[in-house]
Amino acid sequence: MRLPQGVGLIFYFLTKAVFSKSGRYSFMSSRTALTLGTTLGLGLTPFIAWATPRAVAQPVVANPLHRPAPAQSTASKHTPHQRITPSTHKSTQTTSLDVNARRHDFAYPEAQHEPDATTHLTAERLRARDVTTIRGLERVAPNLTIQSINGTASTNFYLRGIGFNAFTQSNMGPVLTYIDDVAYPYSTMANGQMFDLAGASVTPGPVGTEHGQSDTGGEVHIHTNTPTDTWHFGATQDIASYARSRSEAYISGPLARGLSFRLAGQTLHGGGWQTNPTNGDHLGDADLWALRGKLQWKPDSHTTILLSGHFTQDN
């Protein structure tokens, strides 16, 4: 029978210390004390076992929602590893299916993820809507109104109802015009530049100094084509009613390594639908020609220097 922990040690010291006749402690030999302590401990073991509280076994109720954990064998660390052969290993094949979809309805798909109210217009859309003058932008951009006063002497822009009614060229309106990211403070300066276009955009205001100058009404951006590293050239001729004629031509190509140019021009004639009853002259006929030249230099892959010039003659 196994003694409780510490019982044999306690009786060992109790039997080793015995009172002598003189009242002092006298110590017997260790062998005698160990024999006597073991005898007393064995005799009192039933009494100690009876006095020790016992744990009451609780009934085990099976939980239907509980899944027992799989038994783990501790003998696996001592057993040698088994070699898995192709005959005993069952291979599992997994097939993954990836479905992608993309919309191509927008001319600028990357712009659909930007939180802005800018109207982006491609060169194809401008040609399809016959936007040949600056006033033609109001047909393709919402909330934009453009008025020409005294022919083309003054052009007034109104964007979301904000504009400036001026009869001369000495005032700068709240809607600013940009051509190739260069601000044109007077709106009349943009007349005759709607040729060889890469696109346009209209941004309602107010706009800060992100593009050069702050304005309250908004901005009208006109982007023209840049020089190319390979040779390109072309020409178009547009003839419409009332003897309107519009001609456009361009040429672009390299001059040297990293140096390229582009030269484009247009002429616009006729189109007046009113007639002077006294002499038969057509009123409102166009007589305009314009020229644009660009020189681009790329000394390295991180630097681009672009020099451009515009000239317009409106009679």
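P206 sits in the loop between strand 9 (197-204) and strand 10 (218-224); strands are DSSP runs of E with at least two residues, numbered from the N terminus. A cis peptide bond joins G205 and P206, with omega at about 0 degrees. This is a predicted model, in which local features need pLDDT of at least 70 and side-chain atom pairs count only at pLDDT 80 or more, while totals for chains, interfaces and linings use all residues. Residues are numbered from 1 along each chain as its sequence is written, and side-chain values use heavy atoms, with hydrogens and water left out.

**Salt bridges**

- The structure holds seven salt bridges; the term means a side-chain nitrogen of Lys or Arg within 4 Å of a carboxyl oxygen of Asp or Glu.
- K294 forms a salt bridge with D180, and the closest N and O atoms are 3.0 Å apart. K294 lies in strand 16 and D180 in the loop between strand 7 and strand 8, so this pair ties together parts that are 114 residues apart in sequence.
- Both K294 and D180 are buried; buried means under 20% relative accessible area, exposed over 50%, and partly exposed in between (1.4 Å probe, protein chains only).
- R262 forms a salt bridge with D196, with 2.8 Å between the closest N and O atoms. R262 belongs to strand 13 and D196 to the loop between strand 8 and strand 9, so the pair ties together parts that are 66 residues apart in sequence.
- R262 is buried, at a relative accessible area of 7%. D196 is buried too, at 6%.
- R246 forms a salt bridge with E248, the closest N and O atoms being 3.2 Å apart. R246 and E248 are buried.
- D130, D238 and R244 are linked in a network of salt bridges.

**Backbone at the two aspartates**

- D180 has a phi near 55 degrees, a positive value in a residue other than glycine. Its loop runs between strand 7 (175-179) and strand 8 (182-184).
- D196 also has a positive phi, near 50 degrees, and is a residue other than glycine.

- Three strands form an open sheet in the order 4-5-6, with antiparallel pairing; two strands pair if DSSP finds at least two bridges between them.
- Strand 4 (144-149) and strand 6 (162-163) stand at the edges, each with a single partner strand, so one side of each is left without a neighbour in the sheet.
- Two bridges join strand 5 (residues 154-159) to strand 6, and these strands run antiparallel. G163 in strand 6 is the bridge partner of Y158.
- Strand 16 and strand 17 (residues 303-314) pair in the antiparallel sense over 11 bridges. A hairpin joins strand 16 to strand 17 through two residues.
- G293 stands opposite G309 in strand 17.

**Surface patches**

- A nonpolar surface patch of about 740 Å² is made by W231, F233, I251, L263, W289, L291 and F311. Patches take residues with over 30% relative accessible area and no salt bridge, joining like charges within 9 Å and nonpolar side chains (Val, Leu, Ile, Met, Phe, Trp, Tyr) within 5 Å.
- L263 lies in strand 13 (residues 259-270). At 41% relative accessibility, L263 counts as partly exposed.
- D281, D285, D287 and D314 form a negative surface patch.
- D285 is found in the loop between strand 15 (282-283) and strand 16 (286-300). At 40% relative accessibility, D285 counts as partly exposed.

Key. Helices (H or I, at least four residues) and strands (E, at least two) are DSSP runs, numbered from the N terminus. Accessible areas come from the Shrake-Rupley method with a 1.4 Å probe; for residues, only the protein chains shown count as cover. Lys and Arg count as positive and Asp and Glu as negative; His and the chain ends are not counted. The place of a charge is taken as NZ of Lys, CZ of Arg, CG of Asp or CD of Glu.
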